[in-house]
Amino acid sequence: MRVLLIGLDCAPPALVFDRFADVMPNLAALRARGLSGPLRSVMPPITVPAWTCMLSGRDPGELGLYGFRNRPRDRGYGLSMASAKDVGVKRVWDRLGEHGHRVASLFVPPSHPPTPLRGSMASCFLTPPGAAWTFPPGRAREWESRFGDYRSDVASFRDGDLARIFDELHAMTEQHFALARHVWTEEKPSFLAMVEMGPDRLHHAAWDHLDPTSPRHVPGNPWLERGRAYYAALDRELGRLLDVASDAVVIVASDHGARACEGAFAVNELLRREGWLATSTTPSSPAPLREVVDWSRTRAWAEGGYYARLFLNVAGREPSGTIPERASEQAAEELRALLLAHGPPGTQVWRPRELYGEVKGVAPDLLAVFGDLAWRSVGTLGHDGVRLTTLPRGVDGANHDWNGVVVMSGGPFVRRDVEASIFDVGRTVLGLFGIEPGTWRGRDWSVS
Ligand SMILES: [Zn+2]
């Protein structure tokens with residue numbers, strides 16, 4: 001048995017199963033003889049936690065991974081970028097390696113810095129230019145001689161220079177798939193997982209051009225066809241990989257979907273206006289939280305992103321805490337009510353213990369999505385209002401959405417429409433190899 005997992009970061013059902021399905025014949029052929037459907041992501045539906053959940057059978061609380069950036073364990077007010085060192089559990093390739101299988105992990109977030117496994121690893125988009133990017137370390141030289149300098153990501157994909165961005169997208173995707181074909185045929189792993197970031201970068205660069213339902217869409221713009229052509233190229237690369245992997249069980253999966261961003265909710269602005277957050281000056285134009293906040297008079301703050309993380313400034317817990325520990329439960333409930341009262345329709349607010357089996361690391365005190373993910377959270381201060389329908393600088397037109405996609409074809413799989421969970425992917429790979437799942441979350445679709 002050989003299993004090939006092809007991850008398409010951010011690929012939504014609305015594009016790959018519907019609007020762009022006509023330019024993706026290779027994906028359609030997999031669907032015609034396998035199970036397929038929407039793949040429900042996790043809360044939060046964000047790249048680093050989502051891929052890790054898919055491939056480790058743990059939820060974000062069990063992992064202590066709540067986003068791209070997380071608070072340090074000393075509970076300082078900063079955030080640090082997640083890395084492979086923050087994944088304290090075994091992923092699918094570790095489990096398979098323990099059972100004697102040769103494996104490969106290519107570009108799977110987070111895998112910078114690369115870590116030992118029973119085969120080869122190429123690190124993910126978090127790899128800085130020039131950093132070590134392979135395991136074994138010597139693999140980099142061989143791969144660079146064949147495929148050129150490693151393209152871990154598209155540079156400055158939000159800067160609007162779409163001609164350059166499309167060129168980089170195509171070059172990155174071609175390189176990644178060429179490397180995957182090479183590893184699959186030369187190293188003959190039993191299991192190869194690769195993640196292509198191209199769709200995510202395309203969406204964040206150009207979603208308004210691609211999506212006629214976006215409030216900023218301009219009909220007839222030339223970039224819609226370029227976006228369709230990128231998905232066509234992605235499908236051609238998929239076909240070329242499948243050509244050398246005709247014996248494989250193939251799983252295609254995305255970590256979350258994408259949708260148009262309808263507005264930005266200025267969550268720290270709300271906290272300031274309602275007396276939860278104090279600033280040393282009143283900014284006249286949008287300013288980053290940390291440039292203006294007065295921690296000694298602040299009771300709560302939030303981080304922006306596809307969702308909002310809210311933190312209480314608790315005495316004895318945070319460096320300049322103000323809320324007594326005994327009042328923190330009540331404060332959290334007051335904040336929840338405030339967000340629900342001011343958020344756009346479809347706003348949801350959770351305590352971490354309501355979402356997760358365990359709450360590890362430095363978790364937010366509350367997690368909120370605005371407008372069922374149609375609205376972004378922004379953390380800057382100095383806005384005219386709280387609900388912003390003109391997107392502030394730095395916010396692009398694509399929000400992440402709950403549903404990615406999954407296709408499982410070959411081996412035991414037959415044509416069938418399913419609704420699956422992101423946890424099912426790793427669990428099914430273990431099942432295909434007959435490995436005991438232990439406490440892994442998810443459902444094994446290879447037997448049901
Ligand atoms: Zn992603």
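Biologist: Is Ala300 buried or exposed?

Modeller: This is a predicted model, in which local features need pLDDT of at least 70, side-chain atom pairs count only at pLDDT 80 or more, and totals for chains, interfaces and linings use all residues. Residues are numbered from 1 along each chain as its sequence is written, and side-chain values use heavy atoms, with hydrogens and water left out. Buried means under 20% relative accessible area, exposed over 50%, partly exposed in between (1.4 Å probe, protein chains only). Ala300 has a relative accessible area of 0%, so Ala300 is buried.

Biologist: Which residues is Ala300 in contact with, leaving aside its neighbours within four places in sequence?

Modeller: Ala300 sits in strand β12, residues 300–303. Strands (E, at least two residues) and helices (H or I, at least four) are DSSP runs, numbered from the N terminus. Contact means heavy atoms within 4.5 Å. The partners of Ala300 are Leu271, Trp276, Leu277, Phe311, Leu312, Asn313 and Leu335.

Biologist: What distance separates the centres of domain 1 and domain 2?

Modeller: Domain bounds come from an automatic or database domain assignment. Domain 1 covers 3–260 + 399–432, and domain 2 covers 263–395. Taken over C-alpha atoms, their centres are separated by 30 Å.

Biologist: Which residues of domain 1 lose the most area to domain 2?

Modeller: Buried area is the accessible area (1.4 Å probe) that two parts lose on being put together, summed over both. Between domain 1 and domain 2 it is about 2900 Å², with 58% from carbon and sulfur atoms. Three residues together give 31% of what the domain 1 side buries: Tyr66, Arg75 and Tyr77.

Biologist: Which residue meets Arg75 in a salt bridge?

Modeller: A salt bridge is a side-chain nitrogen of Lys or Arg within 4 Å of a carboxyl oxygen of Asp or Glu. The count between domain 1 and domain 2 is 2. Arg75 forms a salt bridge at 3.3 Å, N to O, and its partner is Glu318.

Biologist: How many residues of helix α14 are buried?

Modeller: Helix α14 spans residues 423–432 and is mostly covered. Its buried residues include Phe423, Val425 and Leu432. Just after the helix, Gly434 takes a positive phi of about 70°. The buried count for α14 is 9 of 10.
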